[in-house]
Amino acid sequence: MKLYITPGSPYARIARIVMLEKGLESRVEIVAAQTRTANSPYYAINPSGRVPFLMRDDGVGLEDSAVICRYLDHLDGEPRFDLPAGEAGWRALRLGALATSLLDGLSVWGREVTRPRNEQSPTVIGHEAERARRLVDLWEAEIEHPFMRGPLNLAQITLACALGLEARNPDFRWRSGHPKLGAWLEPIAARASFAATAPPASR
Ligand SMILES: N[C@@H](CCC(=O)N[C@@H](CS)C(=O)NCC(=O)O)C(=O)O
């Protein structure tokens with residue numbers, strides 16, 4: 001099957017990390033897609049134009065990192081990233097949503113600053129920078145949660161990919177004042193799956 005990505009997409013990175021963590025390299029071909037380009041041939045494969053997108057061998061296409069991760073995780077019949085049962089599951093969902101919230105805002109910010117200068121909105125940039133500041137403060141406390149300290153899970157992967165956007169947006173400087181978050185990220189970023197998918201700097 002084929003996993004369509006762009007090297008800088010944090011959502012595609014989440015899917016790539018799950019693919020690597022599950023040892024699926026021989027079953028999944030990584031294909032670089034041309035996104036955000038008029039008439040890109042990629043639109044014939046995935047009309048939404050977004051990545052990640054998984055084209056299964058039976059021709060069924062899956063969009064959205066959460067759906068793709070779940071599919072890849074279940075391929076071998078031994079899922080590693082399913083939600084725990086009961087209250088622990090709600091805690092996991094809550095933390096996953098908080099990580100996605102940071103990632104979604106950072107993506108809007110990152111997209112804005114890569115537009116031509118005369119098209120950039122200082123209002124949007126300021127709004128997202130403030131959202132990121134508040135959420136990084138919140139994560140400095142939430143990072144103590146046992147779910148964030150236990151075996152690798154999707155909330156951890158999502159948060160690590162969000163924080164990794166510092167490579168793409170030099171104005172996203174979250175490390176100062178957040179020592180616990182920095183220390184938490186270090187061993188995760190050193191995992192082979194994270195090192196192999198580190199995003200290129202964009203400017
Ligand atoms: N909720 C989606 C978000 C995917 C997404 O926004 N991807 C961006 C790249 S980071 C994209 O493909 N943008 C291309 C476009 O907007 O045309 C997911 O989790 O996969």
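1. Helices (H or I, at least four residues) and strands (E, at least two) are DSSP runs, numbered from the N terminus. With those labels, asparagine 39 falls in the loop between E2 and H2. Its phi is near 60°. That is a positive value in a residue other than glycine. The model is a predicted one, so please read every value below as computed from that prediction.

2. Start with the strands. E1 covers residues 2–5 and E2 covers residues 29–32. The two pair in the parallel sense, over four bridges. Lysine 2 faces glutamate 29 of E2 across this pairing.

3. E1 also pairs with E3, residues 53–55. Here the strands run antiparallel, and three bridges join them. Tyrosine 4 has phenylalanine 53 of E3 as its bridge partner.

4. Check the peptide bond between valine 51 and proline 52. It is cis, with omega about 5°. Proline 52 sits in the loop between helix H2 (42–45) and E3. Both residues of this bond also belong to the ligand's surroundings.

5. Now the ligand site. The residues around the ligand are Ser9, Pro10, Tyr11, Thr35, Arg36, Gly49, Arg50, Val51, Pro52, Asp64 and Ser65. By class, this shell holds four nonpolar, four polar and three charged residues.

6. The side chain of arginine 36 places an N or O atom 2.8 Å from a ligand oxygen. Valine 51 contributes through its backbone: an N or O atom there is 2.8 Å from an oxygen atom of the ligand. On its own, the ligand has 510 Å² of accessible area, and the protein covers 79% of that.

7. Salt bridges come next. Side chains of opposite charge can pair when their charged atoms come close. The count for this model is 14 salt bridges. One of them links aspartate 76 to lysine 22, whose closest N and O atoms are 3.2 Å apart. Aspartate 76 lies in the loop between helix H3 (65–74) and helix H4 (86–113), and lysine 22 lies in the loop between H1 and E2, so the pair ties together parts that are 54 residues apart in sequence.

How values were computed:
Residues are numbered from 1 along each chain as its sequence is written. This is a predicted model: local features need pLDDT of at least 70, side-chain atom pairs count only at pLDDT 80 or more; totals for chains, interfaces and linings use all residues. Side-chain values use heavy atoms; hydrogens and water are left out. A residue is near a molecule or strand if one of its heavy atoms lies within 4 Å of it. A polar contact is a pair of N or O atoms within 3.5 Å; within protein, one must be able to donate a hydrogen and the other to accept it, and residues adjacent in sequence count only if both atoms are side-chain atoms. Accessible areas come from the Shrake-Rupley method with a 1.4 Å probe; for residues, only the protein chains shown count as cover. Ala, Val, Leu, Ile, Met, Phe, Trp, Tyr, Cys and Pro count as nonpolar, Asp, Glu, Lys and Arg as charged, and the others, Gly among them, as polar. Two strands pair if DSSP finds at least two bridges between them. A salt bridge is a side-chain nitrogen of Lys or Arg within 4 Å of a carboxyl oxygen of Asp or Glu.
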